[in-house]
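User: Hey, can you walk me through this one? I'd like the overall layout, then the ligand, then some helix packing.
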Amino acid sequence: MAQQHGGPLNVDLNSAQMIYDEYGRPFILLRDQDKTNRVKGLEAHKANILAARTVTNLMRTSLGPKGMDKMMVSPDGDVSVSNDGATILDRIQVEHQVAKLLVQLSRSQDDEIGDGTTGVVVLAGGLLAEAEGLLAKGIHPVRIAQGFEKACQIALDHCDDISDTIPVSPENTQILIECAKTTLSSKIINRFHDQMAQIAVDAVLAVCDWERKEVNFDLMKITGKEGGRLEDTTLVRGIILDKEFSHPQMPKEIKDAKIALLTCPFEPPKPKTKHTITISEASHYEELYAREQAYFTEMVDLCVNSGATCVMCQWGFDDEANHLLLQRNLPAVRWVGGVELELLAIATGARITPRFQELSPEKLGSAGTIRTVEMGTTKDRMLVIEDCPNTNAVTIFVRGGNKMVIEEATRSLHDARCVVRNLIQDNRVVYGGASAEISCARKIYEASNEISGVDQYSYRGFARALESIAIALAENSGLNQIETLSEIKRLQVEENNPHLGVDCNCNGTLDMKEQKVFETLLGKKQQLLLATQVVKMILKIDDVMQPQSMGMM
Ligand SMILES: Nc1ncnc2c1ncn2[C@@H]1O[C@H](COP(=O)(O)OP(=O)(O)OP(=O)(O)O)[C@@H](O)[C@H]1O
Ligand SMILES: [Mg+2]
């Protein structure tokens, strides 16, 4: 039952009836209000594919070094600009259930690999477009899915065959930098990709454990501060805290600091329940004041006696404590976040202490210098903690004109460091510019000629979907898509060279090995696998039921 409050009501009038209650107020009675919408069979397949392709078409224009960025505005008005597939899909509001699968697809590529999140969605879109054509030919969806899966296996094996193993070692970082540069080339920061790639590689190498081939991202922090230029971005071998000492008269720099990390506040204990203190004479007030002072003095004494020369506190402290700390020459920082505190603990070797009484010399951490840096004309201050015993921890300090640029630069640097990490774990690369995809497509065409039956069609469909990546790259770079693709296909066969791809930057050569456009084998294979998996899943849905109120799109 619904009572009308003005404005049009979204009801089916055939199943509605208007009646009046005892006071003469009108009611509308609705029958079957939560009837479900149901689409079955081929209709369901087509509706799903249509919805999914709406999303993939959106992402096509973001692919490649000449890809466009998207601007997303959140419901509360926050604006972000990004080229990163996973971020775009995360921020746009997708209603349709099948389109949501694509959002997850991009996210899983992001979690596993970090880069290639646009490519994976575009590939899935290509596969779905082909599937639509095959469905129209009357091929059963499950057969299509099976064909795609076999074709995908051929592509995966072929990727292994055409991949090159590159030398990766702490001394030989040139190729790592090239790979990071390829990743950064499609991002807003590509003007400085040499410098940014160097920073990403240096950061990863600083925290990398070569024996176990592990890279601990927890030791690597990316912080940004508005102001300055993008090229002022630096790698700090230490930790940056967006804080300053609690009192302006505290020293600006501490050498050979002994740091106490505290999670207890510099304030007298507060009664947990409601108490009333009645002060009736001046002596009572003085007693209370003296007691409070004693608390502060004891706390500061405990810190000083433990040998600390700097205190980092998770909580705040009031002017009384601040004054006392200054008097006792103990520089302090307040409101240090939990994550930073942990990072400080790792880097300086300190133990986080929850009570003043537990402070002891062994629980203190050490750092070579703690210094205040001032930036720009606004005199923004930050603390830099360097020369920590556990030198591993590094911070990438991003500068940029505004928040959006810094956020996008942070995401791009994340992509780059993921790629470097992947290469340390598996040092095989394929070449970009869709050269690997075209080569795989050629292999699949060859295979399709050798089999009989319906799978032939699915194989060819899969191959065309792979080629659609090249088409998208060419389209975004302003090249003639068909001409470019057929030229590359011809040359790949003639020269038997799987490294020929789309020359997006018009450098005059199609050879991606020469152009140094590298992609990780791991990432490319993951893209193929994930895209095929999602398409298979979408093809297997033949019945969609949902409440009518949600509509179908
Ligand atoms: N200099 C280049 N010349 C030709 N192709 C390039 C070049 N640099 C990158 N590419 C190609 O561009 C594609 C990558 O584009 P992009 O970085 O926009 O998307 P993604 O890596 O799939 O997703 P994201 O970076 O958003 O996670 C790859 O196919 C890559 O081979
Ligand atoms: Mg990329």
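User: How far apart are the centres of domain 1 and domain 2?
Analyst: Over C-alpha atoms, the two centres are 49 Å apart. Keep in mind this is a predicted model: local features need pLDDT of at least 70, side-chain atom pairs count only at pLDDT 80 or more, and totals for chains, interfaces and linings use all residues. Residues are numbered from 1 along each chain as its sequence is written, while chains are lettered from A and ligands numbered from 1 in the order written.

User: Which residues does each domain cover?
Analyst: Domain 1 is 1–33, domain 2 is 39–165 + 431–550, and domain 3 is 238–390. Those bounds come from an automatic or database domain assignment.

User: OK, ligand 1. Which residues come nearest?
Analyst: T117, G119, S186, G432 and G433, out of 26 around it. Near here has a cut-off: the C-beta atom, placed from the backbone, lies within 6 Å.

User: Which helix gives the largest share of that shell?
Analyst: Helix α4 (residues 117–136), with three residues. Helices are DSSP runs of H or I, at least four residues, numbered from the N terminus.

User: And by class?
Analyst: The shell has seven nonpolar, 15 polar and four charged residues. Asp, Glu, Lys and Arg are charged; Ala, Val, Leu, Ile, Met, Phe, Trp, Tyr, Cys and Pro are nonpolar; the others, Gly among them, are polar.

User: At what angle do α1 and α4 pack?
Analyst: About 145 degrees, with the axes of α1 (residues 41–60) and α4 9 Å apart. Axes are lines fitted to C-alpha atoms over the stretch in contact, and angles run from 0 to 180 degrees between N-to-C directions. The contact residues divide into eleven nonpolar, five polar and three charged.

User: What does α6 meet in α11?
Analyst: L176, C179, A180, T183 and L184 of α6 meet S412, D415, A416, V419, V420 and L423 of α11. Contact means C-beta atoms, placed from the backbone, within 7 Å. By class, that's eight nonpolar, two polar and one charged.

Conventions:
Helices (H or I, at least four residues) and strands (E, at least two) are DSSP runs, numbered from the N terminus. Two residues are in contact if their C-beta atoms, placed from the backbone, lie within 7 Å.
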